[in-house]
Amino acid sequence: MNTPVTTAPDARRTRRTTTLRTPGGLSLRLDARAVAAGAALLVLALAAAVALIGSGDFPLTPGEVLRALTGGGEPGQRFIVRELRLPRVLVGLLVGAAFGIAGAVFQTVSRNPLGSPDVLGFGQGASVGALFVIVYLHGGTFAVAAGAVTGGVVTGLLIFLLAWQRGIHGYRFVLVGIGAAAMLYALVLYLLTKANIVEATGATTWMTGSLSGRDWGQVWPLAAVCAVLIPLTLAYGRPLRMLEMGDDAASALGVRTGRVRAVTLLAAVVLVAAATAAAGPIAFVALTAPQLARRLTRAPGPNLLPSAAMGAALLVGADWAGQRLFGADQLPVGVLTGALGGGYLVWLLVTERRAGRI
Amino acid sequence: MSRLAAEHLTLAYDRRVIADDLSVRIPDHSFTVIVGPNGCGKSTLLRALSRMLKPTGGQILLDGAALSSYPAKKVARTLGLLPQSSVAPDGITVADLVARGRYPHQGVLRQWSREDERIVRESMADTGIGDLAERYVDELSGGQRQRVWIAMALAQQTPLLLLDEPTTYLDIQHQIEVLDLCAGLHEEQGRTLVAVLHDLNHAARYATHLIALKDGRVVAEGAPCDIVTAELVESVFGLRCQIIDDPQTGTPLIVPAARAARRPAVATAAS
């Protein structure tokens, strides 16, 4: 057998996997680096959360924030932390996690780093739903959220129907999604022209994606959706990993590809819709988080949990950075993630093109 | 005896019928090779045998019961498949990819037993890729990569293994290497192998049981020495040829007739 001469011994890597085994025959396999990266991201997200709670017109030190969170500190500080700022941060963490894990599912199922809900027109679909409610039904916050969820889910089903051809094929899925995004954006613009100036301003802010002014009313529904769907998606992590190798290879290993895809995509669509309803279609978190997480863990597979932690860290970190740089509530977080994510998208397109995949 | 058989299959993609009333039995412990011209339905039959394609009529029997009646993971512990195209995930090592073959034997609480570890090691040794264990699959040559996929299928530890054109896109030395490997699995480990092959001479040399398909029908089946004749090759492939004994193995060797002999009309006209 001929080994290529270019392979020096230092090109070998050893993945450190830890296996926990019980005498009863149970075993759990953990990839040390993936676990460390996931834990580090979680700590980062929580640190950004504490920093975000501490920033604003009435700044607090991290110590004061933690004291207030655990029930100590002055009553005034407790009120600011627990009633005013905590909901915003929780919405940020949950929305980021939902986008991150949904992006990982989408990219795995479409086998394409571009196959992410924000590229495929889910944001636009949710915007159409929300704008329809704002312009024609003059609905309040809850109705707008319901409109966004409906718009997102309908968009999802529409893309699947159009892209379905004896299964999901990565490129077809991405191209149909990009087409849908363009058409839905036209619909968004049309609805904006029909809106009066007050509605249009509100709608535009909503479409940018923002965490400011979130209260417990937005936290609970989102938390409930995440509490059900994130564990459900994680339970499908192992078969999803097999799906990466192609449908034939996965079903040869006993994966029921149709069911795995249907369940995980449906969960991802609902997660994206719920997150969008709570904070608007914050751009590019779903696109970037799974890829950045994968680069940190260096593990193949969808990296579901690290992606969720990365999404949460990215979103809350971006919101905190926006507040530090531009002042409290001056810059909706969607502007910042859009600018950062846009840069990443350009880089991704260039590298994909170099790799001959586009 | 046949653990795997197809009975009165109708196979179709959408409305295009590939085969109608097709029945085959795979003899146990055989190295069965399916041959036939492009579009004859050989890959389609293999896909149906490995439950990648649902027959529109008839059924596949595994140990006497309909294949579709088994749970997916149970089938995957009995019947392995090396698909024509599989995608190696980015940044995966050889050992990790081969380990994925253990999936049907694992569960959420039984992710990596000592047995899994041993079988993965053995599968890599059997396919001669033990030295490559820690290498990334992306950096391997085509022949090495194909052996990694075969090792993954071996790690699945199935008594039956289906291979869809395992030698396509490989250089001649790697084609032979892969076929030798398959012959070894059949002879030394007693596994039943079913392969779709393009090269008739490879099929005649390696198969213990040959199935010749044309237009979705079985034209002939049996040991290559018994069934490979010039008439059969001409009727199945429309190719005039001479059959001689393979000087190395004594199996039939197909030598296509020379151009002049195949097109006498043209040859005479030119002279």
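Predicted model: local features only at pLDDT ≥ 70, side-chain atom pairs only at ≥ 80, totals over all residues.
**Exercise 1.** Work out why strand β3 of chain B is described as largely enclosed by the rest of the structure.

*Solution.* Next, apply the criterion for burial, namely 20 or more other C-beta atoms within 10 Å of a residue's own. Five of the five residues of β3(B), residues 31-35, are buried, so the strand is largely enclosed by the rest of the structure.

**Exercise 2.** Identify the strands with which β3(B) pairs, and the residues that stand opposite B:Val33.

*Solution.* Take β8(B), residues 192-196, to begin with: β3(B) pairs with this strand in the parallel sense over four bridges, and here B:Val33 stands opposite B:Ala195. Then turn to β9(B), residues 209-214, with which β3(B) also pairs in the parallel sense over four bridges; in that strand B:Leu210 is the residue opposite B:Val33.

**Exercise 3.** Describe the side of chain A that touches chain B, by element and by residue class.

*Solution.* Start from the counts, in which 27 residues of chain A are in contact with 30 residues of chain B. On chain A, β2 (27-31) and α10 (247-252) each supply at least two residues of this side, and the largest share, four residues, comes from α10(A). Finally, sorting the side of chain A that touches chain B by class gives 10 nonpolar, eight polar and nine charged residues.

Note on methods. Residues numbered from 1 in each chain as written. Chains lettered and ligands numbered in written order. Buried ≥ 20, exposed ≤ 12 C-beta atoms within 10 Å, placed from the backbone. Pairing = 2+ DSSP bridges. Contact = placed C-beta atoms within 7 Å. Nonpolar A, V, L, I, M, F, W, Y, C, P; charged D, E, K, R; others polar.
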